[in-house]
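Thanks for coming. I will talk through one structure, which goes up on the screen now.

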Amino acid sequence: MSAAAPVISAKNVWKLFGPSPESYLKSLPEGRSFDEIRADGYIAGVKDVSIEVGRGEMLVIMGLSGSGKSTLVRCFSRLHDITGGTIEVDGQDVMSLSERELIELRRKKMGMVFQSFGLLPHRTVLENVAFPLEMRGQDRHDRRERALEVIKLVGLEGREEYFPRELSGGQQQRVGIARSLAIEPDIWFLDEPFSALDPLIRREMQDEFLRLQELLGKTIVFITHDFDEALRLADRIAIMRNGAVEQCDTPDKIVMNPATEYVAKFTEDIDKARVVHARGLAKPVNGHALEGAPIDGGATIHELARVLVNDNRILLPVADDQGVVTGVLERDAALNVLLGAD
Amino acid sequence: MATLSTDLPGTAGKPWSRTRVLTVLLVTAFALILAKAAGILPEWLNRIPEAAIPPTAQVLDAIFSFIQNDLGLIYVTRFIAEGPLEFLLDTSANLLEGKRRWPFLGPIPWSAIAAVAAVIGYAVGGWRLAALGAGTFIWTAAIGQWKIAMQTMSVIVVAAPLAFLLGLGLGIAAWKYGWFERMLKPILSVLQTLPFFTYLLPAVIFFKVGPTAGAVATITFAIPPMILMTTLGLKKVSPEVIEAGQMSGCTRWQMLRHVYVPAARTEILVGVNQVIMLCLAMVVLTAFIGMPGLGAKLLAMMGSFKLGRSFEIGITIVLLAVTLDRMSKAWVVKQPVHFERGTPWWKRHQISLVALGLFVGFILLSQLFPILAEIGRKQHLSQGKEIDVVIKSFLAVDIIKGTTEWLRWFLNVKVLIPFRNTLLAIPTPAFILLVVAFAYWVGGRRPGIYAAIFFTIVAFSGWWDRSVITLYTVISAVALATLIGIPLGVVAARSAYWSKSILLACDTAQTFPSFIYLIPAIMLFGVNDVAVVFSILIFAAVPLIRYTIIGLGSVPSEMTEAADMAGSTRHQKLMSVQFPLALPTMAVGFNQAIMFAFFMVIIAAFIGTQDLGQELQRTLAGTELGKNFVLGLNVSLMALTFDMAISSWAEKRKRALGLD
């Protein structure tokens, strides 16, 4: 999935909290569990994680609270210093950066959205959005222009002069999003951006977010504790537990083949037909005789329900969005998914 | 022993159980007392012999004089005093009261200041505060106290901003560097319990008599809460706001300037409020080192028993205090409001423009009508003599005279004097043991150990009897205040209306400079021990009432509802649900009452006492820094002992109840 050169590449990353984490990590025997480490007086915020994020990819990190997902993302942007392993962003080892270089990196390449927005209460919407630009010393006129542009992008026109407390939660998060986009970052971190919002607004914001992503095509690391949200948004999902990544894969594969029991618990109640795409379930063509019109590989099984029920072919050709046949779908297997009979 | 169920789980199983320690302490103490009663106690166990008392004061004097003269600190401080500080004070004095110094512009007409105060009041809190602001200054001018009030204000307008800046800077440093905070913490808690006379003398010696010394003492006195509030505010900034700043690529300075300090705005402004109020309280007290102003006038009037004039000055001080407090508090809660896009410039700055317009307008008007500039001796409305007559004839009414005289007799003869004699009769070691037992019983091991250390220091300071008298006054006043304050708080807490009104009254009363409390005490009881206790009593009752109401009000409604549904009577509900849950909060009030009492007992020296305060006040006339310091430290150590014991109890109790 990842492109030739990953934007973020983490190798064997550890983040331990405790009295002297570095020396403890050095003496740490292989395969010590989270609970054993805790018994030693340390908390493994991130435990031996290796993960890559490709350019333009949306990686969703999913986990319950305390699973280490927020910690991991803060390691990527070096809001936390890691205890062991390496993290490279655009080929640069973030731990080797000086304070100045780190500030430069954040000023040019990174944007972040926070769960409870993290807006500065004494600044208006416009001033909040322009804040990162002001910090990097852009002149007043430029930053105003750019800020107005992103404010418009997130649909907050006319509210430029409001203070955060005068806005609803959804609107405040739009400000947070606008601020994170103001510097036109390459990498966009979103830390449970919609968790503090009520369900209806959350849905609306997810749609809005997908629209923005279509428009901007950024590299995204998105954190959530909501499995449905993860399935809805992700190119790939990394499921975390006790600081470690349990499984990192596409939504289709996670739903169809959960790697561990823990992951399986999440997928149990999911209506798989709404998640799994035809191309995800398709097998390679090799040698099968195919006939008839191909079906759209980008459609979910649920969307294909009518075709699957009415069509009487045993094997259905699957085409990509260019119309080229890329695989073959066994109708029976697809019907099983649709009926929820594994 | 555990009548108030102070026993917490986890104290059992130690080699020395609580009960055993307490028994040993108390038995030893009583054995000593009995021995003395039987006449078999050797004198060196009754009081520390003179010969054994180290010459602390002399040693300190030598150290001070070394720092002052040999290290040349006095040149530095004198330079500051005569240079920048005096310049600022002269400038403000010129503008406000017309002292003949640069810039030779003042005095600003009173009407212009009253107008600006009204506009500021309107800007932060609407018409009511506008009326309060204008009213205060109009009253001050009309009653003929403008000049002395401005003498006081001219120090405040210099001291408060300086105390704010220093407090902010130190607060930021304490937040940034852990070691600095750890170093600062004990100094601050000593500073906050140190009697104000101890601030005054060094100020006089190092910064020469007059407004500069007054300003320095005031600044030192006002800084500690500013430091604490700044550190508190900076620590409370939400981690996401901090991370948002970091992700925006802030440098360290940008973080501080654009993220931390603005996000801690509320706490910092609360600090500003406290700085202003403490400055006012202190400036009034600098009368004791001869600073002219409201305090000095009040002191003189009370000294010559001119109750009417004292009363009027008291009102002026109270009005100033309330105005400054309300306005700065309104500023704390005031949130910025946005203007619609395209609002013209003059509309955005409307309020500043109105203020400027009125200011200039009244200056011009006062050229035409001199009464708007200054209200002369013959024109003011002071009714000092008339009020004097009214008060005196009111006090001479038989019933009132009878009541106050009976009270005075009863308290003096039946309560205070016997109590004092009892305390003085207790041998020093027994006294220390009793205090340690109290601190240990209430607060636990650490407060107990500190109590032992602190009171031993007091015993060896050579001022034991006077310290005991100070303690006796404090204990009597706080005990009486408890008897009055807690029932009052309980009754008030029953209805929302009374809770609110009494809380408001308490909050207002807390803003008054402590000096004010002397006025009714002297009026009612004249100059004696009862007046001293009475003035402390009303001062200390305020926090007691306040925290009783707050404590009872903060009991979660599910719990009182559960008690109601369990069929408990009002009394049962109060005793078994509300009190236990409110007790930790009430303890905070009790603690504050004791601290206030220690503060007030020193001021009451003015009425005439035989305690540490009296000695302290005497040192002000001379240059005995060492003695002044020892006396001040004694007060501080005794206050800290109680503070530690009670706050430790309140904290443990809160944790045990899962409050907080």
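Before the strands, a term: two strands pair if DSSP finds at least two bridges between them. Helices (H or I, at least four residues) and strands (E, at least two) are DSSP runs, numbered from the N terminus. What you see is a predicted model, in which local features need pLDDT of at least 70 and side-chain atom pairs count only at pLDDT 80 or more, while totals for chains, interfaces and linings use all residues. Residues are numbered from 1 along each chain as its sequence is written, and chains are lettered from A and ligands numbered from 1 in the order in which they are written.

I start with strand E9 of chain A, residues 236-241. E9(A) and strand E10 of chain A, residues 244-249, pair in the antiparallel sense over 5 bridges. Within that pairing, Ile239(A) stands opposite Gln247(A) in E10(A). The hairpin of these two strands has 2 residues between them, and Asn242(A) there takes a positive phi near 50 degrees.

Leu59(A) has Arg236(A) as its bridge partner in E9(A).

Is E9(A) buried or exposed? A residue counts as buried if 20 or more other C-beta atoms lie within 10 Å of its own, exposed if 12 or fewer, and partly exposed in between, with C-beta atoms placed from the backbone. In E9(A), 6 of the 6 residues are buried, so the strand is largely enclosed by the rest of the structure. Arg236(A), Ala238(A) and Met240(A) point one way, Ile237(A), Ile239(A) and Arg241(A) the other way, and all are buried.

Next, the chains together. Two residues are in contact if their C-beta atoms, placed from the backbone, lie within 7 Å. The contact between chains takes 25 residues from chain A and 21 residues from chain B. On the chain A side, helix H4 (99-108), strand E6 (110-113) and helix H5 (125-135) each give two or more residues.

Last, chain B. It is divided into domain 1 (155-292) and domain 2 (397-660), with bounds from an automatic or database domain assignment. Their C-alpha centres lie 27 Å apart. In chain B, 19 residues of domain 1 are in contact with 23 residues of domain 2. Helix H7 (178-193), helix H8 (196-207) and helix H12 (265-285) of chain B each supply at least two residues of the domain 1 side. H8(B) gives the most to that side, with 7 residues.
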